[in-house]
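The points are grouped by topic.

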Amino acid sequence: MEINQIKQQLSIYQVLTHYGLTIQQKHINCPFHKDKTPSMRVYGDTNSVYCFSGNCKQGGKVIDAIDFVMYIEGLDTESSSAQAKHEALKKCKELLGVGGNSTNELENTFTQLQNQLKNSN
């Protein structure tokens, strides 16, 4: 699964719900800083969020579903940016049900093996 496919299929609402964040009139309490009133806006049309707080390390950035997972999981502080993005992509695939040994991947592998066997005979 390619990055663009993940971005198209995984909605920001799915991600926010997965992490137990409650959306109130298109806003949430930002999980990246202490928030008394919801300062993070949810944009369903662009599948992103944006924190308006000046006290937020993620404030002032448009954050898509993949980056949100990377930041909330703390992956950006544990490894290089490429490795962090890779780990976030794996987590996003899991949220979509296509990570690791999902049924779809196993079926695709099985079909590919069947085709290889047919072509070798």
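Helices, as H or I runs of at least four residues, and strands, as E runs of at least two, are DSSP runs numbered from the N terminus. On that basis, the order of elements from the N terminus on is α-α-β-β-β-β-α-α-α-α. The model is a predicted one. In total, the chain has 6 helices and 4 strands.

**Overall organisation**

- The chain has 121 residues, and buried residues make up 32% of them.
- Among contacts between residues at least 6 apart in sequence, 40% join residues at least 24 apart.

**Packing of α3 and α5**

- Helix α3 covers residues 65-72 and helix α5 covers residues 81-96; the two pack at an angle of about 110°, and their axes are 9 Å apart.
- That angle makes α3 roughly perpendicular to α5, because angles of 65 to 115 degrees count as roughly perpendicular.
- From α3, the residues that meet α5 are Ala65, Ile66, Asp67, Val69 and Met70.
- Their partners in α5 are Ala84, Lys85, Ala88, Leu89, Lys91, Cys92 and Leu95.
- Sorted by class, this contact of α3 with α5 has 9 nonpolar and 3 charged residues, with no polar ones.
- Cys92, one of the α5 residues in the contact, is buried at 0% relative accessibility.

- Leu10 is placed in the loop between α1 (3-9) and α2.
- With a relative accessible area of 1%, Leu10 is buried.
- Residues up to four places away in sequence aside, Leu10 touches Val15, Asn47, Ala65, Cys92, Leu95 and Leu96.
- Leu10 and Asn47 are separated by 37 residues in sequence, while their C-alpha atoms are 8.5 Å apart in space.

- Asn47 is not a glycine, yet its phi is positive, at about 60°.
- The loop between β2 (40-43) and β3 (48-51) holds Asn47.
- Asn47 is buried, with a relative accessible area of 16%, which is under the 20% cut-off for that class.
- Lys26, likewise a residue other than glycine, has a positive phi near 65°.
- Lys26 belongs to the loop between α2 (12-18) and β1 (27-28).
- The relative accessible area of Lys26 is 48%, and this residue is therefore partly exposed.

**Aromatic pairs**

- The whole structure contains 4 aromatic pairs.
- In one of them, the ring centres of Phe32 and Tyr71 are 6.2 Å apart and the planes lie at 85°, so the pair is edge-to-face.
- This pair joins distant parts of the chain, since Phe32 lies in the loop between β1 and β2 and Tyr71 lies in helix α3, 39 residues apart.
- Phe32 counts as buried at 13% relative accessibility, and Tyr71 counts as buried at 16%.
- Ring pairs connect Tyr19, Phe32, Phe68 and Tyr71 into a cluster.

- At a relative accessible area of 32%, Pro31 is partly exposed.
- Apart from neighbours within four places in sequence, the contacts of Pro31 are Leu21, Met40, Phe68 and Ile72.
- Of these, Phe68 is also a member of the aromatic cluster.
- Pro31 and Leu21 are 10 residues apart in sequence, with a C-alpha to C-alpha distance of 8.3 Å.

**Cysteines**

- The number of disulfides in the structure is 0.
- For Cys30, the closest cysteine sulfur is that of Cys56, at 3.7 Å, which is too far for a bond, because a disulfide requires sulfur atoms within 2.5 Å.
- Cys30 is buried, with a relative accessible area of 4%.

Conventions. Residues numbered from 1 in each chain as written. Predicted model: local features only at pLDDT ≥ 70, side-chain atom pairs only at ≥ 80, totals over all residues. Heavy atoms only, no water. Axes fitted to C-alpha atoms, helices over the stretch in contact; angles between N-to-C directions. Parallel < 35°, antiparallel > 145°, perpendicular 65-115°, else oblique. Contact = heavy atoms within 4.5 Å. Nonpolar A, V, L, I, M, F, W, Y, C, P; charged D, E, K, R; others polar. Buried < 20%, exposed > 50% of the residue type's maximum accessible area, 1.4 Å probe, protein only. Phe/Tyr/Trp six-rings, centres within 6.5 Å; stacked < 30°, edge-to-face > 60°.
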